[in-house]
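User: I would like a close look at one part of this model. Please start from a single side chain and then work through its surroundings.

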Amino acid sequence: MRVLHVSQTDYLGGAAIAAYRIHKALIDIENINSLMCCDIHHSTSYNERLPSWKYIKIESAVRKKIDHGLKRLMPTEFNTSSINIIPSSWLKKINDHNPDVVHLHRLGGQMLSINQIAKIKAPVVWTLHDYWALNGISHLSQNDAENNTDLYIRAWLQIDQLLERYKKSLFFGKIKAFVVPSSFAKKTLIDKYDINPGSIKVIPIPVPDIDIKAPVFSRSSIRRFTILYSAIAADLDKNKGLDDFIKALQIVNCELADLNIEINVCLVGFDAPDLTFDKLNIDCRGYIEDTDELFEIYKQADICVMPSLNETFG
């Protein structure tokens, strides 16, 4: 079986890393030929990816420029949205490869237009790392926008709803299965989007086979404690819950006044704001590309906090 995974990138962000891990898991299965199809390659070796063409970097840069321009027109309530209306050369490459299954992931940067998704010849399976496949332009739910009376926001909400109906009529019929990482996500697809339960498969994202056990401390021996908050672009995406996490740190900082405990807070994946607490040690690591380094950071943490306003898909 020839499986082709389509993702904007294979390493930038949680969805990309998840797509790459799925690809690597399939490589080890006998009689499955798995390839990655990406605008931006890093993790996959040359023989593991669909060959691009001479001007792919130029085309990709132009598409991303247009994509950023469209996003600048949107209100902040739609900061995690994409309008895939620009066709790319990838459709011909995908169809010429003639895979048995096309496995779609996150299609950022106008990698495929909405109309091109409907023109994929092979059966399509779509692993959802967010809700973009089901919404019009939004990657997440737009509960805030739905209650807003601003006319400009209401106009974009109408665009979102119109494109949602257009997507359903255009390519939902050719998608053989939606794959989600949790039963919560499956329930959301059934309750909110009225997707047939039989077409939804719950498959957790594979993780590397490594020892991630953290040291075990008794209550009486804890003198140093590490809290990890890891999220891509948390300073730009309010859905990552950074504001709530900072409020929680303020409470923790006050509660430590009479306790002999040293707490280290490690922030990973974004450019952190200037945070100062008299009882907390703040360590801002920024975006970390090296997987081994990231594993070590997770292993050293006593608690990993993920206060997402939507369930974390990546």
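Which backbone atom lies 2.7 Å from a polar atom of the side chain of Ser 7?

Analyst: The backbone oxygen of Thr 9 sits 2.7 Å from a polar side-chain atom of Ser 7. That is a polar contact (N or O atoms within 3.5 Å, one able to donate a hydrogen and the other to accept it; residues adjacent in sequence count only if both atoms are side-chain atoms). This is a predicted model: local features need pLDDT of at least 70, side-chain atom pairs count only at pLDDT 80 or more, and totals for chains, interfaces and linings use all residues. Residues are numbered from 1 along each chain as its sequence is written, and side-chain values use heavy atoms, with hydrogens and water left out.

Ser 7 belongs to the loop between strand E1 (2-6) and helix H1 (14-27). Helices (H or I, at least four residues) and strands (E, at least two) are DSSP runs, numbered from the N terminus. Ser 7 counts as buried because its relative accessible area is 2%. Buried means under 20%, exposed over 50%, partly exposed in between (1.4 Å probe, protein chains only). Setting aside neighbours within four places in sequence, Ser 7 is in contact (heavy atoms within 4.5 Å) with Ala 16, Ala 19, Cys 37, Cys 38, Asp 39, His 105, Arg 106 and Met 111.

Now the charged pairs. Salt bridges (a side-chain nitrogen of Lys or Arg within 4 Å of a carboxyl oxygen of Asp or Glu) number 10 in the structure. One of them pairs Lys 24 with Glu 48, N to O at 3.3 Å. The two are 24 residues apart and link distant parts of the chain: Lys 24 is in H1, Glu 48 in the loop between strand E2 (33-37) and H2. Lys 24 is partly exposed at 32% relative accessible area. Glu 48 is buried at 15%.

Lys 71 is partly exposed at 31%; Asp 67 is buried at 3%.

A further bridge joins Arg 285 and Asp 283, closest N and O atoms 2.6 Å apart. Both partners are partly exposed, Arg 285 at 34% and Asp 283 at 31%. Shared partners also join Asp 39, Glu 59 and Arg 63 into one salt-bridge network. Asp 39 was already named as a contact of Ser 7.

Back to H2. Ser 60 lies in this helix and is buried, with a relative accessible area of 6%. Its C-alpha is 14 Å from that of Lys 93, which is 33 residues away in sequence.

Last, helix H3 (90-97). Its buried residues are Trp 90, Leu 91, Ile 94, Asn 95 and His 97. Down the axis of H3, these fall within an arc of 160°, so they line one face of the helix; the arc is that of the directions from the helix axis to the C-beta atoms. The face turned away from the buried side carries the exposed Lys 92 and Asp 96. Cover for the buried residues of H3 includes E1, E2, H2, strand E3 (101-104) and helix H4 (114-117). Asn 98 follows H3 with a positive phi, near 55°.
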